[in-house]
Amino acid sequence: MENEKVKKYNTIQYMPVLYNYEYYKDKLDSVPHKRFYDMVAVVKKVREGACFERRYSDVTYEDLETIGLDEQEFFADSLVSCIKEESFRLFRIADFIDAMDAESVPSSDDMFAAQNIYCLTNMSLEYGANVLLYPGIFEKLYEILDDSYYILPANIDQLIVVTDTELPYDVINYYNAIEEVNEVILDESQILSHTVFYYDGSLHNLSFVN
């Protein structure tokens, strides 16, 4: 007979979530985690609240002992579950801006309005940066874009993808823009990373630019 604790585990949705390491480091003694550059992945329990609002809570090492899974197995299971529930979403930022009232779009968005600049997230638009953990995501984006590209960490919910061909601004301008947003606009809990990634499709290689 299946253990009742395991049955309960199988009825709860889990998803890995990426945070900035510095923001989350004080909690890491009690929660399973994996380091990813200057970020860290932790696993959240996902529950539906009132009006279909999602509620998230940390999975702890104590939870893992109760469930009876080791850390590596648990991360693998939660990622598979997340991918089933939340496929990635990629759309042109210019199309989004065009659909909005022009007066409501900040002028700072001009540098992100070119046709080869995209938003990468998940279907729910919550914790969308966790798509970086999806197996094969970088190769899949290269197939879709047919070009090498930069990934800029907008926040924990969204990433910005800029294709390499006809880059409208030097990448350092985008890096500086992200740094300014991190320092001036975002709450500390929303900051994802200070790293700009570059995926070279011809070499199938991911590197980063600081």
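Colleague: Where is L125 in this chain?
Modeller: L125 sits in the loop between β6 and α6 (137–145). Helices (H or I, at least four residues) and strands (E, at least two) are DSSP runs, numbered from the N terminus.

Colleague: What should I know about the model itself?
Modeller: This is a predicted model: local features need pLDDT of at least 70, side-chain atom pairs count only at pLDDT 80 or more, and totals for chains, interfaces and linings use all residues. Residues are numbered from 1 along each chain as its sequence is written, and side-chain values use heavy atoms, with hydrogens and water left out.

Colleague: Back to L125. What is its phi?
Modeller: Phi of L125 is near 65°, a positive value in a residue other than glycine. Most residues other than glycine have a negative phi.

Colleague: Which other residue has a positive phi, near 55°?
Modeller: Y37, which is not a glycine either. Y37 lies in the loop between β2 (33–36) and β3 (39–48).

Colleague: Why does Y37 count as partly exposed?
Modeller: Because its relative accessibility is 33%. Buried means under 20% relative accessible area, exposed over 50%, partly exposed in between (1.4 Å probe, protein chains only). L125 is also partly exposed, at 37%.

Colleague: Zoom out. How many helices and strands are there?
Modeller: The chain has 7 helices and 10 strands. Of its 210 residues, 45% are buried.

Colleague: Which strands make the open sheet, and in what order?
Modeller: The order is β5-β6-β8-β7-β9-β10, 6 strands with antiparallel pairing. Two strands pair if DSSP finds at least two bridges between them.

Colleague: Which residues of α7 are buried?
Modeller: V171, Y174, Y175, A177, I178, E179 and N182. These buried residues pack against β6, β7, β9 and β10.

Colleague: Now β6. How many of its residues are buried?
Modeller: 6 of its 6. I117, C119 and T121 point one way, while Y118, L120 and N122 point the other way. In a regular strand the side chains alternate between the two faces of the sheet.

Colleague: How many bridges join β6 to β8?
Modeller: There are 4, and β8 covers residues 159–163. Y118 stands opposite V161 in β8. On the pairing of β5 with β6, the count is 5 bridges, again antiparallel. There, R92 stands opposite Y118.

Colleague: What about β7 and β9, how many bridges?
Modeller: β7 (residues 149–152) and β9 (residues 196–200) pair over 3 bridges, antiparallel. Y149 has Y199 in β9 as its bridge partner.

Colleague: New topic. Where is E86?
Modeller: E86 is in the loop between α4 (71–85) and β5.

Colleague: Buried or exposed?
Modeller: E86 is buried, with a relative accessible area of 2%. It touches R54, N122, M123, S124 and Y134, not counting residues up to four places away in sequence. A polar atom of the E86 side chain lies 3.2 Å from the backbone nitrogen of M123. A polar contact is a pair of N or O atoms within 3.5 Å; within protein, one must be able to donate a hydrogen and the other to accept it, and residues adjacent in sequence count only if both atoms are side-chain atoms.

Colleague: Last one. How many disulfides are there?
Modeller: A search of the whole structure finds 0. A disulfide is a pair of cysteine sulfur atoms within 2.5 Å. C82 is buried at 0% relative accessibility, and C119 is buried at 7%.

Conventions: Contact means heavy atoms within 4.5 Å.
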